[in-house]
Amino acid sequence: MRAKSLIAALSLSGLVAACGDTTGERIIYGGGAGALGAAVLDANLVTGAAVGVAANLIYCEQNPRKC
């Protein structure tokens, strides 16, 4: 279980590292990272993707210089 949590944390940190330049890229990267994290944790992929998209869009809106 600890390994799954570590992989999920690393996957989700990729969400922040790869923000994307356009809104479309941010949606794709966030959704991918969220779905990957959900797959690792054996959770709902659609929910994980939705959370990833929202998190990436909010992060990039709040920190435009980091994206």
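Helices α2 and α3 are oblique to each other, a word used for angles that are not under 35 degrees (roughly parallel), not over 145 (roughly antiparallel) and not 65 to 115 (roughly perpendicular). This is a predicted model, in which local features need pLDDT of at least 70 and side-chain atom pairs count only at pLDDT 80 or more, while totals for chains, interfaces and linings use all residues. Residues are numbered from 1 along each chain as its sequence is written, and side-chain values use heavy atoms, with hydrogens and water left out.

**The whole chain**

Begin with the whole protein in view, where there are three helices and zero strands, arranged along the sequence in the pattern α-α-α. Helices here are DSSP runs of H or I with at least four residues, strands are runs of E with at least two, and both are numbered from the N terminus. Of the 67 residues, 27% are buried, where buried means under 20% relative accessible area, exposed means over 50%, and partly exposed lies in between. Among the contacts in the protein with a separation of 6 or more, 47% join residues 24 or more positions apart, a contact being heavy atoms within 4.5 Å.

**The crossing**

Next, select residues 23-40 for helix α2 and residues 45-62 for helix α3, whose axes come within 6 Å and cross at roughly 135°. The axes are lines fitted to C-alpha atoms over the stretch in contact, and the angles run from 0 to 180 degrees between N-to-C directions. Now show the side chains where the two helices meet: on α2 the residues include Arg26, Ile27, Tyr29 and Ala38, and on α3 they include Leu45, Val53, Asn56 and Cys60. The residues of this contact divide into ten nonpolar, seven polar and one charged, with Ala, Val, Leu, Ile, Met, Phe, Trp, Tyr, Cys and Pro counted as nonpolar, Asp, Glu, Lys and Arg as charged, and the others, Gly among them, as polar.

**Along α2**

Move to Gly24, which is found in helix α2 and is partly exposed, with a relative accessible area of 39%. A line drawn from its C-alpha atom to that of Leu57, 33 residues apart along the chain, spans 9.9 Å.

Ala33 also belongs to helix α2, and a relative accessible area of 10% makes Ala33 buried. Between the C-alpha atoms of Ala33 and Asn56, which are 23 residues apart along the chain, the separation is 9.3 Å.

**A pair from α2 and α3**

Select Gly32, in helix α2, together with Ala50, in helix α3. Gly32 counts as partly exposed at 40% relative accessibility, and Ala50 is partly exposed with a relative accessible area of 48%.

**The loop**

Finish at Asp42, in the loop between α2 and α3, where 69% relative accessibility makes Asp42 count as exposed. Its backbone deserves a look, for Asp42 has a positive phi of about 55° although it is not a glycine. Most residues other than glycine have a negative phi.

Note on methods. Buried < 20%, exposed > 50% of the residue type's maximum accessible area, 1.4 Å probe, protein only.
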